[in-house]
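Colleague: I would like to go through how the terms in this structure are assigned. Please set each value against its definition.

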Amino acid sequence: MLNTAKVFAVALAATVLAAMYAAAQEDATKPAGYGHRLEQVRDRGKILCADNTELVAWSWIDEDGKNRGFGPDYCRAYAAAVFGDATDDNWEIVNITFAERPTVMQSGEIDVMTIANTWTAHREVHWGNFVDIVHYAGLGVISSKDSGIVPNDWQTLDGTTGCTGAGTNYVQMAADMESEYGITFELALYEIGGVRDAYDAGRCDFVLTGSDGTGSFVRQLTRSTPDDHNIWTSVFGKDPWAMLVPHGDDQWFDLIRMVGWILVNAEELGVTQDNVEDMFANSPSVKVQRLLGAEGTWGQDRLQIADDVAVNIIKEVGNFGEIIHRYYSAEAEEKGWGFYRERGPDNLYLRGGLMYVPENT
Amino acid sequence: MADRASVTGVADVADQVRPPVASTGPLGWVRANLLDTWYNALLTLGVLVALYYLVRGFGGWVLLTAEWAVLTQNLQVLLVGQYPDEEIWRAGAVMLALPFVLGLGWSVWPGFCRRLAISLAVAAPLVAALPVEFASLAAGFRVYLLLNTVLVGAGWLLGRSTVFGSARSVLATWLVLFLGGLVFLRGFAASEALPFVGTKQWGGLMVTLLLSQAGIVISFPLGILFALGRRSSMAFVRVACVAYIEVLRGTPILALLFVTQVLLPLLLPDWMDMDRLTRGLVALILNNSAYMAENVRGGLQSVPSGQLEAARALGMRVHHITARIVLPQALRNVLPAIVGQFIILFKDTAVISLLGLLDFLGTANAILSGRQQWFNAEIEMFLFVAAVYWVFTYAMTSVSRAIERSMSKGVG
Amino acid sequence: MPAPVQGDLRSRVETHSSVPLWRNIYVLRAVTQIAAALLIVGLIGFLLNNLFVNAEKRGVDLGFGFLSLRASIKISNAAIPYSPDNSYFYAFLVGVVHTLRATLLGIVLATILGVLVGVARLSHNWLVQKIFAVYIGAIRNVPLIVSCYFFYFGLVLRMPITKEAVHLPGPIFLSNRGVYTIWGEPTASFGTWLLIVLAAVIAGYFVRRALRNRETRTGMPSYPNLAALALLAVGGVAGWLALAGGGEPPLLPSIPVLKGTNFRGGMRMTPEYFALVACLTVYIATYIGEIVRGAIQSIPRGQLEAARAVGLSEIHVLRYIVIPQALRIIVPPTIGQYINLTKGSSLAIVVGYADIYVVTRNIIEQSGSSAPMFLLIIATYLLIAAVYSLIGNLYNRSVQIVER
């Protein structure tokens with residue numbers, strides 16, 4: 001008995017030591033700053049994206065139980081980059097509430113956060129590494145016409161009632177707005193779905209929200225009764241949205257960031273979901289060939305992804321413009337997938353927007 | 001005097017003395033129960049008028065105004081969440097364990113389960129016959145509902161005619177089917193027939209039912225342990241158990257859920273990571289086992305000390321006394337309270353939706369917010385959600401009440 | 001055969017004295033206890049160690065220092081004066097006050113409604129009895145959170161908008177921005193008036209005592225309660241009139257007036273506060289109702305009949321026979337329900353009421369300090385539950401039947 005136990009204990013200790021040694025060996029060969037996230041994702045066979053499924057256009061669950069929206073499309077793009085394609089099994093949306101974001105990031109349990117995330121200094125330091133801005137919002141206002149609030153006149157918000165999401169940074173921005181303009185208003189806080197219901201019922205006169213995006217659900221109301229609402233063109237503060245990865249893994253951060261660049265560059269070069277195969281085979285453009293990986297690599301090997309990673313991604317979700325079109329266009333509105341909005345700063349720099357990413361060369 | 005009585009005659013007496021007020025029959029019942037005094041009559045009238053308007057308004061709304069498409073269109077998501085389409089038969093099969101076990105229970109405890117089992121067996125075909133479109137679930141869903149009836153009957157027959165018909169084997173069957181069901185739902189990474197489906201894709205009513213069952217299975221024995229610990233003569237064990245019970249009973253379930261969701265990953269080493277659903281389950285178990293311990297303690301206190309002394313005098317070992325003498329009596333004495341605690345656990349599972357977990361209520365909320373066409377369907381949706389919770393809770397309450405009745409009769 | 005028995009006994013005693021260590025009950029118990037202690041301490045140590053290691057690794061701040069930083073979040077309709085310039089800790093206190101405010105009102109209302117339900121369940125009127133049975137069955141079997149959703153989004157938000165507010169006499173305005181009623185605005189003389197009323201209360205107390213003594217001494221009816229109330233009323237009214245004559249009355253009526261889309265002035269109960277209190281009240285009242293019913297039913301019929309036989313009026317039967325005995329049964333489980341109500345109030349987030357939990361979540365969002373905040377929340381709830389239990393125990397002791 002005792003002997004068996006001893007043998008077992010020794011064997012266990014040896015295994016642990018061997019594993020530690022192996023781990024140390026492996027670490028030694030890794031570039032500085034690289035972590036294990038990519039291996040974890042590959043071992044798991046699945047990439048986990050945190051999102052909230054209560055936002056039309058950005059992320060929701062359809063009748064078949066499938067996750068759809070801008071955020072899930074990015075998750076699919078990441079899956080295509082890591083695994084070659086996005087199947088039902090290799091990407092997953094983990095539904096979280098907005099107030100849970102900091103703790104979910106700190107626990108490190110998810111790979112990338114595709115939720116509608118406002119990028120702030122505090123969050124960059126405390127939550128994780130934000131990647132590139134995918135959407136330029138500000139704290140926007142949608143006010144009802146009977147409220148007597150004059151659009152774009154902040155002073156007229158004084159003494160009225162607003163609604164916004166609980167646990168969002170709009171709660172703080174609202175306080176800043178009050179002190180900046182010397183006004184006070186009542187602010188009712190809800191989970192996202194509740195904001196729309198409360199505004200619709202007349203509980204509040206205006207909604208504080210990202211100048212679109214989170215405002216999408218209110219936009220839906222403004223569509224059914226367009227004459228009852230004012231959508232302000234002035235915004236308060238800066239509200240840039242970006243995807244977010246846990247701190248401490250440069251390889252993973254780079255990989256997620258490159259996917260974003262590929263999507264934007266593809267739009268710039270006219271590579272679309274439909275023509276990507278054709279372009280890959282036939283395009284004479286050096287830039288296109290470089291993007292699609294026919295001309296060797298700009299670092300795919302170091303990120304351990306396929307040379308033609310861009311082809312896989314674009315085949316899966318299309319380019320940046322196509323994704324936006326899928327959820328923020330007249331067609332999207334008709335399908336019930338989103339709503340129409342002008343492309344503002346999230347347009348390419350060539351067309352007067354701010355989307356200006358480095359080349360994938 | 002006698003003269004006068006005879007003079008007035010029978011006919012006069014009949015005029016003066018009216019026939020007694022009917023105290024039997026429907027009229028008498030109405031009089032005795034609704035109109036016995038003037039203020040009761042007024043009350044009855046008022047209530048009747050209010051009822052009339054309520055029924056008319058609500059009935060009209062249900063039949064004419066309400067848009068029930070939000071339910072029929074999303075039924076699959078409401079029932080099993082994001083469980084993959086191709087694998088949905090697995091979810092259906094696992095959920096069929098409940099009617100089967102209920103049928104078995106019927107054969108063993110007819111007094112407690114008969115009405116429930118028969119109700120389910122009758123209700124399922126009725127729902128299947130409803131003239132509505134079940135969207136993506138289509139005709140298969142109707143067949144599935146009929147299977148419920150078949151399995152109740154099968155369980156009953158099996159229980160009556162084979163060895164399955166004992167209390168112990170019903171509980172064992174339920175436990176085996178439940179745990180096996182979990183494995184079956186989860187599947188195996190390498191398997192072709194049963195591919196892996198993670199708990200993040202589980203959802204809807206299925207998750208609510210699984211969570212409640214898992215909560216019962218785990219927190220019941222834990223509760224017994226803590227109750228015994230609280231009565232232990234060892235000071236340290238006692239103090240630890242008291243602290244556990246009191247702290248967890250005093251904390252709202254929502255706060256506990258947030259703690260397990262957010263802090264558990266910090267409290268456990270990396271290699272012990274749990275998925276979000278399991279963490280929600282941990283909170284439910286922590287809370288519920290503390291309450292269960294208090295219920296069991298009540299039962300332990302009700303066992304006369306003479307029983308213990310007698311057992312000791314017979315030379316029984318301590319653990320035998322506890323397992324064979326004390327616990328069986330203690331648990332029987334507080335059975336209604338224990339069932340009541342199961343009901344509370346079942347209702348508490350709804351709170352996990354606030355942590356973004358897609359249980360029945362969470363799924364309902366996600367559907368309401370996800371698409372514009374459902375934005376205004378809250379009342380329909382919440383009524384449906386409330387009705388479903390009600391049905392399950394009412395079923396459990398009726399069982400608990402039957403147990404209580406049989407105990408007060410001394411049958412127990 | 002006495003000798004063998006004796007020998008047998010002795011040998012047993014000897015065996016007993018030479019029980020080996022591993023079978024000695026005291027040693028066994030000590031060992032078990034030490035093992036249990038090690039296990040528990042080890043488990044706690046394991047968890048704490050993980051917490052510190054993981055917190056360090058992930059950059060989570062576990063200290064309480066952030067509590068003194070500027071909160072910078074907005075809390076509307078705060079029950080105590082609050083601005084975003086206050087500290088996080090003060091913001092947390094606002095949440096605590098909100099929780100207390102909602103639960104105390106809920107407790108009062110649930111008790112009233114619960115007693116009503118309990119009595120109605122015993123009504124001679126079959127219809128009333130059944131309707132309340134249906135109410136209890138419907139509310140109790142549905143999770144509280146579902147009821148709260150339904151209350152707020154299904155009922156409260158669907159009340160008329162402010163322009164079409166229901167105008168009740170008073171004036172009271174009902175709309176989906178809450179309940180507005182007329183209210184007294186204290187003026188400079190309000191403090192003086194309060195002092196006068198206080199004096200009247202003290203005087204009334206002594207008058208009541210004196211008259212009561214007289215009543216028991218002489219047997220003459222002296223109406224002590226009535227006299228005390230009259231004194232209070234006279235003092236209050238006289239003080240009011242004197243102050244009003246001397247300049248301004250202690251309270252000026254503040255009447256809610258619709259301005260824009262909100263009412264100004266008057267007293268307001270926000271729809272969120274209303275919905276939370278309403279759903280908690282309706283839910284907990286079903287439990288209190290059943291407790292009350294059980295307690296009343298537990299009083300032997302013979303006592304009631306005897307009381308009536310000696311000529312007590314129905315009111316006196318209630319006052320001296322039913323209530324004192326029923327209360328003894330009612331109070332302990334009802335305290336438990338009060339604690340349940342307090343814990344249930346954490347569902348405030350469903351209806352958008354800024355309770356301790358909602359404020360905490362906003363604080364965590366700003367500060368990122370989740371662990372300390374949740375320690376604070378749990379401690380607060382435990383403290384509240386402990387206070388209720390203490391009150392219940394004190395009451396229990398005071399009404400215990402004194403055995404002679």
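Modeller: A helix here is a DSSP run of H or I with at least four residues, numbered from the N terminus. By that numbering B:Asn40 lies in helix 3 of chain B. Keep in mind that this is a predicted model.

Colleague: Why is B:Asn40 called partly exposed?

Modeller: A residue is buried with 20 or more other C-beta atoms within 10 Å and exposed with 12 or fewer. B:Asn40 has 18 C-beta neighbours inside 10 Å, so B:Asn40 counts as partly exposed.

Colleague: What is B:Asn40 in contact with, leaving aside its neighbours within four places in sequence?

Modeller: Contact requires C-beta atoms within 7 Å. Under that rule B:Asn40 is in contact with B:Leu34 and B:Leu35, and also with C:His124 and C:Asn125 of chain C.

Colleague: How many residues of chain B are in contact with chain C?

Modeller: On the side of chain B there are 40 residues, in contact with 40 residues of chain C. Helix 20 of chain B gives the most to the side of chain B that touches chain C, with 10 residues. By class, that side has 30 nonpolar, seven polar and three charged residues.

Colleague: And what makes up the contact between chain B and chain A?

Modeller: Chain B supplies 30 residues and chain A supplies 25. Helix 19 of chain B gives the most to the side of chain B that touches chain A, with five residues. That side divides into 11 nonpolar, 13 polar and six charged residues.

Colleague: Which residues touch the most other members of the largest nonpolar core?

Modeller: They are A:Tyr78, A:Ile313 and C:Val146, in a core of 285 residues. The largest share of this core, 18 residues, comes from helix 8 (residues 271-297) of chain C. Leaving aside neighbours within four places in sequence, C:Val146 is in contact with residues of chain B, among them B:Phe382, B:Val385 and B:Tyr389.

Colleague: What makes strand 10 of chain A mostly covered?

Modeller: Five of the five residues in strand 10 (residues 206-210) are buried. For chain A, 53% of the 361 residues count as buried.

Colleague: How do you know that strand 7 and strand 10 of chain A pair?

Modeller: Pairing requires at least two bridges, and five join strand 7 (residues 129-144) to strand 10 of chain A, so the two strands pair. They run antiparallel, and A:Gly140 stands opposite A:Thr209 in strand 10 of chain A.

Colleague: How many bridges join strand 8 to strand 10 of chain A?

Modeller: Two bridges join strand 8 (residues 161-165) to strand 10 of chain A, so these strands meet the requirement of at least two. The two strands run parallel. A:Gly162 has A:Phe206 as its bridge partner in strand 10 of chain A.

Colleague: Why is one side of strand 1 and of strand 8 of chain C left without a neighbour in the sheet?

Modeller: The sheet is open, with four strands in the order 1-2-3-8 (chain C) and antiparallel pairing. Strand 1 (166-168) and strand 8 (267-269) of chain C stand at the edges with a single partner strand each, so one side of each has no neighbour in the sheet. The twist averages 15° from one strand to the next.

Key:
Residues are numbered from 1 along each chain as its sequence is written. Chains are lettered from A and ligands numbered from 1 in the order in which they are written. This is a predicted model: local features need pLDDT of at least 70, side-chain atom pairs count only at pLDDT 80 or more; totals for chains, interfaces and linings use all residues. A nonpolar core is a set of buried Ala, Val, Leu, Ile, Met, Phe, Trp, Tyr and Cys residues joined through C-beta atoms within 7 Å. Two residues are in contact if their C-beta atoms, placed from the backbone, lie within 7 Å. Ala, Val, Leu, Ile, Met, Phe, Trp, Tyr, Cys and Pro count as nonpolar, Asp, Glu, Lys and Arg as charged, and the others, Gly among them, as polar. Axes are lines fitted to C-alpha atoms, for helices over the stretch in contact, and angles run from 0 to 180 degrees between N-to-C directions.
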